[in-house]
Structures are given as structure tokens and as C-alpha cells.
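User: Please take a close look at the aromatic rings in this structure and explain how they pair.

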Number of protein chains: 2
Amino acid sequence: MIIFSSEEQAIIEQYKRLKAAAGTHSPSISSLTETVKGITVKTDACFLSNPYATDLFLEYFQRDLIINKRIRDVLEFYPTQNRGIACHLEGLLGVPANNIFIGNGAIEIIQALLHRFTKKRMLVILPTFSPYYEFARSDVEVFYHTLDKENFFILNTEKLLHDIVENKIDTLIIVNPNNPDGSYIPLATLYNVLKECGALEQVIIDESFIHFAYEEDSFAIPTCVPFCAQFSNLVVVKSMSKDFGIAGVRAGYAVMNENKVSALLQNGYLWNSNGIAEYFFKLMGRKEFLTEYEQLRCRYIKERQFFYEELSQISQILVYPTSANFFLVELLDGTKANDLALALLLRHGIYIRSAKDKKGLSGEFVRVASRRLDENKLIAHALKDSFV
Amino acid sequence: MIIFSSEEQAIIEQYKRLKAAAGTHSPSISSLTETVKGITVKTDACFLSNPYATDLFLEYFQRDLIINKRIRDVLEFYPTQNRGIACHLEGLLGVPANNIFIGNGAIEIIQALLHRFTKKRMLVILPTFSPYYEFARSDVEVFYHTLDKENFFILNTEKLLHDIVENKIDTLIIVNPNNPDGSYIPLATLYNVLKECGALEQVIIDESFIHFAYEEDSFAIPTCVPFCAQFSNLVVVKSMSKDFGIAGVRAGYAVMNENKVSALLQNGYLWNSNGIAEYFFKLMGRKEFLTEYEQLRCRYIKERQFFYEELSQISQILVYPTSANFFLVELLDGTKANDLALALLLRHGIYIRSAKDKKGLSGEFVRVASRRLDENKLIAHALKDSFV
């Protein structure tokens, strides 16, 4: 059990007010350190990203825009329209630009899909990224299919398909790898699910964490994008904030039927990318950038595996296997998730996510992002300390 | 009459394809110069902005983010949520944050308002910024109230109110100053219109160009924002792209009834500002920045007046008086607007906007942005040349 001093209690009260305002999300580091006095964040293990990819992006940014004095061009003028930016991704994704919708972060795409193409009955797999149910229109009924922690959150497709039929679902949401548990559904399994879901209006597969998953020893990125050609109701959503560590840039895309893209662009989303996001999407078409990124992606995955082994040695917690860039951690010794998160923040400057408010999780859980090698060591050390 | 060489004709064909893809908007400079070979743009007089304000923003950007090495913070991490950013504008606007909705550019706000709060019948004043009718939901009927060029596009409120009643309008759109003609409606007139429109669901007043208008010799910025306290159906929309010359940053806001803000945030718009936009909104709260900006705004207005006098000396055109940062120019000698725009682009590297596709304008019109003093001289000179 963690006991807080009265000084710590006072800081915690400030934090709680900020958290209440942030809803079901973590307050950002900047609002946290500006609003709550007495908090210094050394390691943000709430933030789900590959920090080595951020380094790489910033190197290119510095060279291309700052040293070459092109920053004015991207900040002053209107960015290219949605369809124009989609062209930059054609080669990388291997699909025509007409099938690509560019978003101001994946969250804008999620909002657009839920508001425009959901009919009446939506199925969300729990636990999940909360906007998938929070952004549902008020006239849509949301059904839940809850994964079992006893089964390591592995999807049972038979049960899922049963729930879809029984509840006459028109929109199915799958996040793969899933957030916050990191479980992964193999492509072959998803293909079978899609085959059974032909009657649905839309199946959204969110691959925002897919760069951290693999099915082969080569670490090649698995993806459902090629399935879009066969299943016209499939929408594959992709955030760039996680794999490239650039949440402030706001960049995401989705691959979908070209009629859906046209419907969205017919009355909206004209200039929804900013100049820096447009620069980033162009960078995605440059071979040298992708080659360098690929090395850093593989390095990050290997270090995440190492972090898993370190965390697994702590007897008071259960670390769930992950294919994402974070771990869901269950506290087994009676420690409360909120207390652990606050203790790490106040005593070690380590910001982790209590999963206490996550729908569909019963027990005491925290979510810990895998960061740089040295940060991971600090996190593991601080965690061990907390249970003494 | 302008006659193009066969070489010019070939470039024009390329341009036309690009223009067709850009719909009712000008292709961006970057897509223009990348796609159309043989075009160099020296002066972008399509782009409606105060370039001196862009200089100022870039100075602060360079100092705060590049020299002080804080660029990583704004690009790596999630920006603050919508309501958090609204707090930065409370002081400047003199309204509570609960009444402020932050947009990824004003265009996102326009889309949100039209999609969410328009009921069935919307009135748009012509000529206008085309998204106001293009973004209407398919189940909304759009009515038009056309301003007379013979009356210098000055609004006749009696006729407007008559159209509102006769067509049972629920949403009224007013852009003030108006785009593309630059006409201005005094605040006292708007107040009277608002008093008569209490039964409407929403009245949208778009003040995106208001920093270039004034009613007093001091050049103080007029605004309808204070009227929001009295008229709960009033929404004041504001782009920051024009006055601050930062279209690539994507920053806008709207002041509206707090229930409308809550309705929008209930299922969307969570992280719709990027890190650079958040930095900009914070800058708006810094006194030294606003003081320096104010000087540049007044300088720009004075130079625009001077440009008006220069342009007015050209006998083949009629320059309409403006309260915005551009001039609507009518071609009186039989020259076609599209030809003039292309000739200026190909022969002088000056990019102006043909208003040929603007609904509600009959005749040959171009729209010319006021730029820096030296650029304005080049534009005036090239225009004079074109009519020889």
C-alpha cells in the first residue's frame, strides 16, 4: 500500500482537478507541468511513441525546413488540399489516391467515420481507445464485446461473430494491436472475420500501433490495407503519432472505398492538414527517410522485448504480452492503480497511465509505454521500488 | 484582348488540369510550381494575408522554438485539448473559455456549424466564400441573397430581412468584410439585423477579414463578439490565416453559446489543434507580440489604401472599395478575367485570382490581394502593362 505525505496530497488534489477536465485522456505534459506545481516529468510513459523516430523526424525537419530556410513556405501558405496530399501516400500504401483520406490526426477520421457512415448499431471491442464509443452519434446504439484478461485479451472470433449477428450490428470497430492491452489479431484471422462481415455497413480496423507488430522474423509490418480491394466495407485507420512520435503534427490517414472518400470530401475536410503535416507526408515518400526509419523501428521493437523481460521479473505485477509500444500491467498485491501512477509521478517524475477509468477492465491496471532504453531502466527500477 | 503564344498555351493546359482538381479554390503555390512546368511565382496575390504579420510570427517562432530548442515539445507531444486552448483566448476576446471553440482553421468550424446546427433552410449572401454553400448538408436548402455591383456590394438590410422571412430561413451567413468584394457592414447595422433575427436557429458572422476594417480613425478593430452575450443564436467565426498570414498553421476560433460549444465537444474535436497552432494561440496572449502586431496591422492598412489609389488610376478597370486585404477588380475593356490572370502569372510571375467561377458575380472580375509595398507596385505596373 502506498501512503502519501500531506505535501504530496496537496499536489494530488491539483492533479485531480486537471485530470477531471481532460476527461478519459491523460492531461498533456505541458498542461500538467504548467498547472500543477511541484511536478517535474522526466519520463513520459503515458505517451505512446517511438522516441527514436521522433529524433529522425526532427533531424530531417531541421535540415529541410530550418537550415534550408523553407519553414516560412510551410507555415505561411495554404497547405495542399486533401486529395493532393493523398497522392504522396499512393506509392507507400500501394493503393490509388482516390482511396486515401487524409486526417488531422486519426482522431478526426474516427469522428468522421462514426458521424457519417454508422447507421444504428455499432460494436466496440473492450477495452479500447475511448473515442470509439464517446464519439458515437447520440442516435447510435453502442454494443460491447469484452475481451477476457484470463485469456490474455485474445479475440475469440466465434464469440465476436455471434455478437455481431445477435445484435444486428452495422459497424464493427477493431483496434489491432489493441489499446490498452497490446493484444494482436493475426491477418489471417482478420481476413476470416471480414469474409463473415460482408453484410455490415462498415468494418473499421485501426492499425495505429501496427508498426510495432510483426508476424515474421524479419519484423515486416503486417497490414489489412490490401484487403480493402476485396472488402468494400473495410476502412483501415492509421495514426502517425505513435510510430513516428509526432502527435503535435497531427497526421493520420485512412484507406477506404473511393465513394466514402468522395462523400467525406464533398462537403468538408478541404484544408485539414497543416503545413508541417504536409511536409511529413512528403517525407513518407522519400526512400532514405524510410530506410533510416525502418532501422529505428526494429531497434525499438527489440528494446521493447527487453523491457518486457525486465518488467516480468517484478513479482507483484502481471505484464501482459504486447504487439504495441506499451504494456498493460496488472497490480497483483492490492496496490491501487491510481496510487501507483501518482507515486511514480511525484517521487520519480515518471508519468504512466492508470487504466482505472478504462471501460471493460476489472482489476487494478496501469499502462506503461516503452521508451528509450535508459528510460525503460528507470521505469523498471522505480516500479520495483514502489512495491518494497 | 490578350493573345497567348503556343508555348504559353501549353503551360495553360497544364494549369487548367490542376485548377480543375482544386475545385472552386486556387491551387496552392507549392502544387502549382511542382505540377506546372514553366511557372515561377514571384508574388502570390491570390493569398490573402498581411505578410508583415507573417514576418513577425516567424521572428517569435525562430526565437521561442528554434533558438530556444523547444520545437520538439510542440511537434512530439499531444497538443492541449480544445477547451484548454480556448483558455488562452479568454483575455484577448473578453469572453469565457466556455464560449470559445477552437478550430483547425476557420474552415473546420464552418463545416461543424453547417453540419450540426443548420436545420433546413440557409441563407447565403452572394458573392461569398464558396464553402458556405458547398459544405451545406444535402438535406439543407440553400437560398441566395445577391448583392448589387451597381450599389458597390453594400448590403440592403431591408431586402435581406424580407428574404429571410419569405424563405423561412433558419441559418443566416454573413461574411464581414465580405469576400471577394471587400464590402463592410457597420456594427450598428449588424446589431439591428441581429435584433430582427432572434427567431433564427443560428446567425453566423464570419469576421476572418475584420482586422483590415475600421470604423474609427484609430483603426481599432470592430467586432461583433460582444453581441454574443445578448444574442444566443450568434456565432462569430474567425480565421487567423488572413490577419497573421499563417494559413499553413491552421488556426481559427469561434465565439458562440456555451451549449453549442459543449455539443460540438461532446463527440469530437478533441485534439484538433496542432502543436504550432497551440504555440500561436499562446502567443496571442502575450502583450509584446500584440503591440508589435498592432503596428504592422496599421502599416498594412495604410499601404492597402495607397495601393487602392494606384490601381484606381488604371482606366480599363474598376476597383471596388474594400475593408479587407484584397480588391475586387472589374475589367471594363472586354478583357477576360481568366486571360488576365493567366497573362499575369505567365508573363510577370504574379498570381491573382480570376473571380470567373464566383457565384453571384456577373461580368469579368479578378481579385487582387494587397501585399508588401514593393510587390503592390509590381502588381500595379503589370496590370497597367496588360491593358496596353
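Analyst: Rings of Phe, Tyr and Trp (its six-membered ring) pair if their centres lie within 6.5 Å; planes under 30 degrees apart count as stacked, over 60 as edge-to-face and the rest as tilted. This is a predicted model, in which local features need pLDDT of at least 70 and side-chain atom pairs count only at pLDDT 80 or more, while totals for chains, interfaces and linings use all residues. Residues are numbered from 1 along each chain as its sequence is written, chains are lettered from A in the order in which they are written, and side-chain values use heavy atoms, with hydrogens and water left out.

Ring pairs join A:F57, A:Y60, A:F61, A:F244, A:Y279, A:F280, A:F281, A:F289 and A:Y293 into a cluster. Over all chains, the structure holds 50 aromatic pairs. One of them is the tilted pair of A:Y78 and A:W271, with 4.8 Å centre to centre and 50° between the planes. A:Y78 lies in the loop between α4 (71-76) and α5 (82-93) of chain A, and A:W271 in the loop between α10 (258-266) and α11 (275-283) of chain A, so this pair ties together parts that are 193 residues apart in sequence. Helices (H or I, at least four residues) and strands (E, at least two) are DSSP runs, numbered from the N terminus. A:W271 is buried at 9% relative accessibility, whereas A:Y78 is partly exposed at 21%. Buried means under 20% relative accessible area, exposed over 50%, and partly exposed in between (1.4 Å probe, protein chains only).

The rings of A:F244 and A:Y293 are stacked because their centres are 4.2 Å apart and their planes are at 25°. A:F244 lies in the loop between β7 (234-239) and β8 (252-255) of chain A, and A:Y293 in helix α12 (residues 287-312) of chain A, 49 residues apart. Both A:F244 and A:Y293 are buried.
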